[in-house]
Amino acid sequence: MAMQWLNVILQGVLIGGLYAMFAAGLSLIFGVMRLVNIAHGDLIVLAAYVALLVTQGLGVDPLTSLLLVTPIMAAIGYALQRGLLNYTLGDDLLPPLLVTFGLSIIIQNGLLELFTADSRKLQAGAIEIQTFQVAQGIWIGVLPLIQFAVAVAVIAGLQALFYKTALGRAFRATSDDQAVAQLMGLDTRHVFAMAMALSLAIIAIAGVFLAVRTNFDPAIGPARLIFGFEAVIIGGLGNMWGTLVGGVILGVSQAIGAQIDPGWQLLAGHIVFLAILAVRPQGLFPKVSG
Amino acid sequence: MPDPLLEVRAIDAYYGDFQALFGVSLRVNAGEVVAVIGANGAGKSTLLKSIAGLIRPKAGDIVFDGEPIGVAPAFAVVKRGIALVPEGRRLFPSLTVEENLLIGGQSRRPGPWTLDRVYDLFPVLAERRHLPAPALSGGQQQMAAIARALMSNPRLLLCDEISLGLAPIVVRDIYARLPAIVAEGLSLIVVEQDIAQALKAARQVYCLQEGRIALQGAARELTRESILAAYFGV
């Protein structure tokens, strides 16, 4: 019995890595430009379809397809920011909300037109069912483990980029004070576009892992957006490692809920989210303000 | 008269419908320190922001080193060699002191100013390089803001109210280092409410009053009475 619960929690932790990847790009964009990207979930689904085309077109496996899907999504992100979203930014939070909401609808319907409402899945082959036993009664899937390891690497990479590179410095400076960032020679339109490119590169990874793990269709984006939001808010805005913890808490809550009753999976996640929001509205690990 | 490094020709600048500058003209020669004085709201900061590209003048021209820059955005103006030390310092609070300086240097203009050189000029910054910017005192933050601007190796440095909110002894300390900056071939525009300090530092003085130039001349030739009259509009 105890082993069964341990197993449930472990699976929840591993899926939490995926949620953290949903959340990381969202958190990055809000942190750098105070833009709440309502289309985030639909962009994850878009990445899954791009991966579907790449895997089918080139006959490569989904993880290899990331070599192409990631730069494609990053390029889409850069273009989207330069061509559209930069024009919505200003003192008012509403225009970017409305525009990304519209974008969400456009992506969903565009995908529906192109790919129909049929559910799809990326086939990763034998790796999908490979597992190994870590203890008596505890089995870990190879793919969920890879997914979690990639999530940790993505978070660590983001953290390093933010605090160790010139681009990260530019992100933080622009987030602090746009006008002065420009006085330092930073073209904030370019800085924002780089942030969106990075966000969509993470989305590409998240989208491929999502599409290998589960069926997807054009309508599943908004629920991924909610998972991403919940992970960000549980973890505390502006803290990347907190986002990972937030994803894990959400994943574990859902797994426990599903174990109690299969219908409770999502409900359990939302309840834990609301409970944390009620007790600690700033999240568990808010950024220490300087 | 040699070609000036900077020539502002009759600019009008607005905040929305509010006109802040009316036909303001100003010249800065290479290696010269120019002071812009005036009461609160006279348009001093607006003038600097217009030169730095943060505000686009609706009329008139700004010519820097023979080329018009009036419509260039701020990030492009820095690359031409104009750096602004903004009013209130405005260091990046989530960056360390050194990161603030590195951001200043990220336009990669060649020139004499490097991390080592600005640390020579303001040794206290070297000691505190790894602290978050808000941990500095007001005077140190002002030094960091000047150092950050120098890191872009400007030919023209715009200083907006560097004495604001600082103890007189700190102000004297900071002003005492300006000659070392000018010695590197920079020109300076200092905007000041502290008239005495400005007159000591500058060769040319412009006095703004309600968005118009009320008085201009060589610092040593202006009389106290004429400055006070222009300053207060009496």
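Which residue is the bridge partner of Val36(B) in S8(B)? Val191(B) is the partner, and we will come back to this pair while touring the sheets of chain B. Please keep in mind throughout that this is a predicted model.

## Chain A at a glance

Let us start with chain A, which has 11 helices and 2 strands. Read from the N terminus on, its elements run α-α-α-α-β-β-α-α-α-α-α-α-α. The radius of gyration of chain A is 19 Å, close to the 19 Å that the globule rule gives for 290 residues, so chain A is as compact as a globular protein of that length.

Along the principal axes, the C-alpha atoms of chain A fill a box of roughly 60 × 45 × 35 Å. Of its 290 residues, 50% count as buried. Among contacts in chain A between residues at least 6 apart in sequence, 75% join residues at least 24 apart.

Helix H5 of chain A covers residues 142-164, 23 residues in total. From its first C-alpha to its last it reaches 32 Å, close to the 33 Å expected at 1.5 Å a residue. Its buried residues include Leu143(A), Phe148(A), Val154(A), Leu158(A) and Phe162(A). What do the buried residues of H5(A) pack against? Their partners in chain A are helix H1 (2-33), strand S2 (138-141), helix H6 (166-176), helix H8 (188-213) and helix H10 (240-260).

Another residue to look for is Leu63(A), found in helix H3 (residues 62-83) of chain A. Is Leu63(A) buried or exposed? It has 20 other C-beta atoms within 10 Å, so Leu63(A) is buried. Although Leu63(A) and Leu122(A) are 59 residues apart along the chain, 9.9 Å separates their C-alpha atoms.

## The hairpin of chain A

Strand S1 (residues 131-135) of chain A pairs with S2(A) in the antiparallel sense, over 4 bridges. Opposite Thr131(A) stands Gly141(A) in S2(A). The hairpin has 2 residues between the strands, and Gly137(A) takes a positive phi near 85° in it.

## Two sheets in chain B

Now to chain B. One open sheet has 4 strands in the order S2-S1-S4-S5, with antiparallel pairing. Strand S2 (18-28) and strand S5 (67-68) of chain B stand at the edges, each with a single partner strand, so one side of each has no neighbour in the sheet. Strand S4 (residues 59-64) of chain B pairs with S5(B) over 2 bridges in the antiparallel sense, and Val63(B) has Pro68(B) as its bridge partner in S5(B). Helix H1 (residues 44-52) of chain B packs on this sheet, touching strand S1 (6-15), S2 and S4 of chain B; its direction makes about 70° with that of S2(B).

A second open sheet in chain B has 6 strands in the order S6-S7-S8-S3-S9-S10, and its pairing is mixed. Here strand S6 (82-85) and strand S10 (212-218) of chain B are at the edges, each with a single partner strand, so one side of each lacks a neighbour in the sheet. On average, neighbouring strands of this sheet are turned by 15° against each other, direction ignored. Our opening pair, Val36(B) and Val191(B), belongs here: strand S3 (residues 33-38) and strand S8 (residues 187-192) of chain B pair in the parallel sense over 5 bridges. H1(B) packs on this sheet too, touching S3, S6, strand S7 (156-160), S8 and strand S9 (204-209) of chain B. Helix H6 (residues 138-150) of chain B lies across S6 and S7 of chain B, running at about 170° to S6(B).

## Positive phi in two loops

Most residues other than glycine have a negative phi. Arg108(B), in the loop between H3 and helix H4 (115-121) of chain B, has a positive phi near 55°. Arg108(B) is exposed, with 11 other C-beta atoms within 10 Å. Glu210(B) has a positive phi of about 50° and sits in the loop between S9 and S10 of chain B. With 14 C-beta neighbours inside 10 Å, Glu210(B) counts as partly exposed.

## Where the chains meet

Conventions
Residues numbered from 1 in each chain as written. Chains lettered and ligands numbered in written order. Predicted model: local features only at pLDDT ≥ 70, side-chain atom pairs only at ≥ 80, totals over all residues. Expected span 1.5 Å × (residues − 1). Buried ≥ 20, exposed ≤ 12 C-beta atoms within 10 Å, placed from the backbone. Contact = placed C-beta atoms within 7 Å. Pairing = 2+ DSSP bridges. Axes fitted to C-alpha atoms, helices over the stretch in contact; angles between N-to-C directions. Rg over C-alpha atoms; globule rule 2.2 N^0.38 Å.
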